[in-house]
Amino acid sequence: MIKKYVFGQPLETGAAVLEIPASTDTCSLMRLTQSEEGVSLFYRMEKEDVLYGLGEQVRGINKRGFSYISDATDDPIHTEGKHSLYGGHNFLIISRRHKPSFGIFIDNPGKTVFDAGESKLDELRIQTGCDCVIYTVEGESLKEIAKQFRELIGQSYIAPKWAFGYQQSRWGYESADDVREAVSGHHGHGIPLDAVYLDIDYMERYKDFTVDKEKFPDFPEFVSEMKERGVHLVPIIDAGVKIEEGYPVYEEGVRENYFCKDENGNDFVAAVWPGKSLLPDMLNSKAREWFGSKYKWLMDQGIDGFWNDMNEPAIFYSEVHLKKVMDEVISMKDENMGLHEFFHLKGLVEGLSNNPEDYRRFYHNMDGVKIRHDKVHNLYGCYMTKAAGEAFDKIAPDKRTLLFSRSSYIGMHRYGGIWTGDNASWWNHLLLSIQQMPSLNLCGILYAGSDIGGFGCDATQDLLMRWLEFGIFTPLMRNHAAAGTRPQEVYQFENIPDFRNIIRIRYGLLPYIYSEYMKAVFDHEMYFRPLAFDYPFDAHAPYVEDQLLAGESIMIAPVYRQNASGRYVYLPEEMMMVRMKSLEEKHCEVLKAGHHYVDIALNETVFFVKKNHMLPLAVLDDDIRNISGIDKNRYEWVGFAEDKAEYVLYDDDGMSKNYTPKEQWTKVTRSVNELDVTV
């Protein structure tokens, strides 16, 4: 059951798609109060209550014990003390052991604070703006609450099938030859590859919808060359448009008033990669349509995938704030700076980027309504991706286009996925990636993944290998590294055959991963789930923070500690453990319910199959180069059955929007003696 409470005059964010009449009764689940500061919600938590949700955030699966702020922030240092990351995902489930659980969704695109027991251990306090819509969701189980919420916000985005293959990216591929080298490096070692990403270096002086003709001569021919080699090119698109006379995107936007304005109605000048830039007004429908139409220029050259970046929006500095800071710095130049003066100077310079004052300095024209940016801050990245998604429906209406974003708000999941931003090559960021996935799924974002190996810092061989062993199961499986870091392509390390085997295991599992992803989309369910969602009566399951259910048949328990030769695993029921050093080298063992220490070698992928479940595993040729090499008629069935197991297999052409009707999904039944891989 969903109830809707309306406060003030809220904006239509587009987060919800179901029409729910506003409730006139008093919310009985939480105490709601209204003041000049905004709307406050209060709930006293019991000792065993668990909090799930909030999408892309720091810390564990259970969000209890810290404060989280929905205020999309360009901050790559994702440490435990940070309160905001790149998105605003204001949905939370309060799981209660002794009372029915419920969900709460705060539909407000401005700042919302979730104090989930940081100030007082047993108190959940939510503070949001005066103009908002609040939804409560009640159900008999966590899964039912999640499903109702997913139905409220609409069907998740479906990526083309090739976008489930292995993908390689690096900020630093500066020319077509750099890309060719990366492709040859993979193929030369027999490593499958479906996509290579183009970061900002492909552009002409960092200008959107341009290509540097010296670095990438004859771009359409290069795109075609890569496709002939089985590789899709995926260019980045940034939010800022360079101020430059003669640059058509800039001149058109200025002429049509498509950029965000300052208080006086002048174009708001900020700086990002190209220097001084203007921000397209993504909240204006005409500006959004105009910006989305620009993707066609690249699509006409053969591009069929994009990643949107810098769209919180990131601001290196604003013209106004830079002048203010520089004036103050100059005034201090003759000072004998002591402790306080030095740190004041340091704070001035560090505070140039993404300064809160700057987000209060510019405005949107929301189709006739002028609104200050900070009031709708979390919508910007969402609406940039909406601009692209709606444009694709016109440019290529029958074809799927890969699209994902750095910043997002609930509702964006209908247009694209996300990657979890600029992480680092830290072991705790591998754990963070594991813990973020079910929270993102809960908010509708199914096509998701992290930068495998870590974006910043230097990845070690063991970290990259362990991260890949988790990344096997994420819909977006992309290795991405920053300029200036150690080369992170898997063929740059020792023991290349081990990396090859891990990535081939991904391709072997793709029939299952794709099937489970698509079923989760159509049924409004979660692909990744915490254990407590499937085992609600298991007293220990809510406290397991490092294992996930992936689809209907598999539980994963990745290794995420440096130098670890294994890990402890909790099994809520008897399961079959599958060990794989390669697709051809498999060992299965049944483990009883309970706690186990499992040895897991560095080059070994381990997962667990639930009782009376099975999954398809593709049999691959040695020379497979991409997802098109998977033969749909060559599957092994891996299963754990007392008598028989059943599996409903989904498949389609992978590129069109002619999705397979539910009545045509393939139901496969195997008796215990008919399974190809079992104990």
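**Helix packing in the predicted model**

In this predicted model, helix 5 and helix 10 cross with right-handed geometry. Helix 5 spans residues 285–293 and helix 10 spans residues 380–395; their axes lie 8 Å apart, at an angle of about 65°. On the helix 5 side, the contact is formed by Arg288, Glu289, Phe291, Gly292 and Ser293. Helix 10 contributes Tyr383, Met384, Lys386, Ala387, Ala388, Glu390, Ala391, Lys394 and Ile395. By class, the residues in this contact between helix 5 and helix 10 comprise seven nonpolar, two polar and five charged.

For helix 7 (residues 319–331) and helix 8 (residues 339–350), the axes come within 10 Å and cross at roughly 155°. Because angles over 145 degrees count as roughly antiparallel, helix 7 is roughly antiparallel to helix 8. The crossing of helix 7 and helix 8 is left-handed. Val325, Glu328 and Val329 of helix 7 meet His344, Leu345 and Leu348 of helix 8 in this contact. Four nonpolar residues, one polar residue and one charged residue make up the contact of helix 7 with helix 8.

The contact involves Ala176, Val179, Arg180 and Val183 from helix 2, together with Phe222, Glu225 and Met226 from helix 3. Five nonpolar and two charged residues are found in the contact of helix 2 with helix 3, and no polar ones.

Methods. Residues are numbered from 1 along each chain as its sequence is written. This is a predicted model: local features need pLDDT of at least 70, side-chain atom pairs count only at pLDDT 80 or more; totals for chains, interfaces and linings use all residues. Side-chain values use heavy atoms; hydrogens and water are left out. Axes are lines fitted to C-alpha atoms, for helices over the stretch in contact, and angles run from 0 to 180 degrees between N-to-C directions. Helices (H or I, at least four residues) and strands (E, at least two) are DSSP runs, numbered from the N terminus. Angles under 35 degrees count as roughly parallel, over 145 as roughly antiparallel, 65 to 115 as roughly perpendicular and the rest as oblique. A crossing is left-handed if the near helix is turned anticlockwise from the far one by less than a right angle, and right-handed if clockwise. Contact means heavy atoms within 4.5 Å. Ala, Val, Leu, Ile, Met, Phe, Trp, Tyr, Cys and Pro count as nonpolar, Asp, Glu, Lys and Arg as charged, and the others, Gly among them, as polar.
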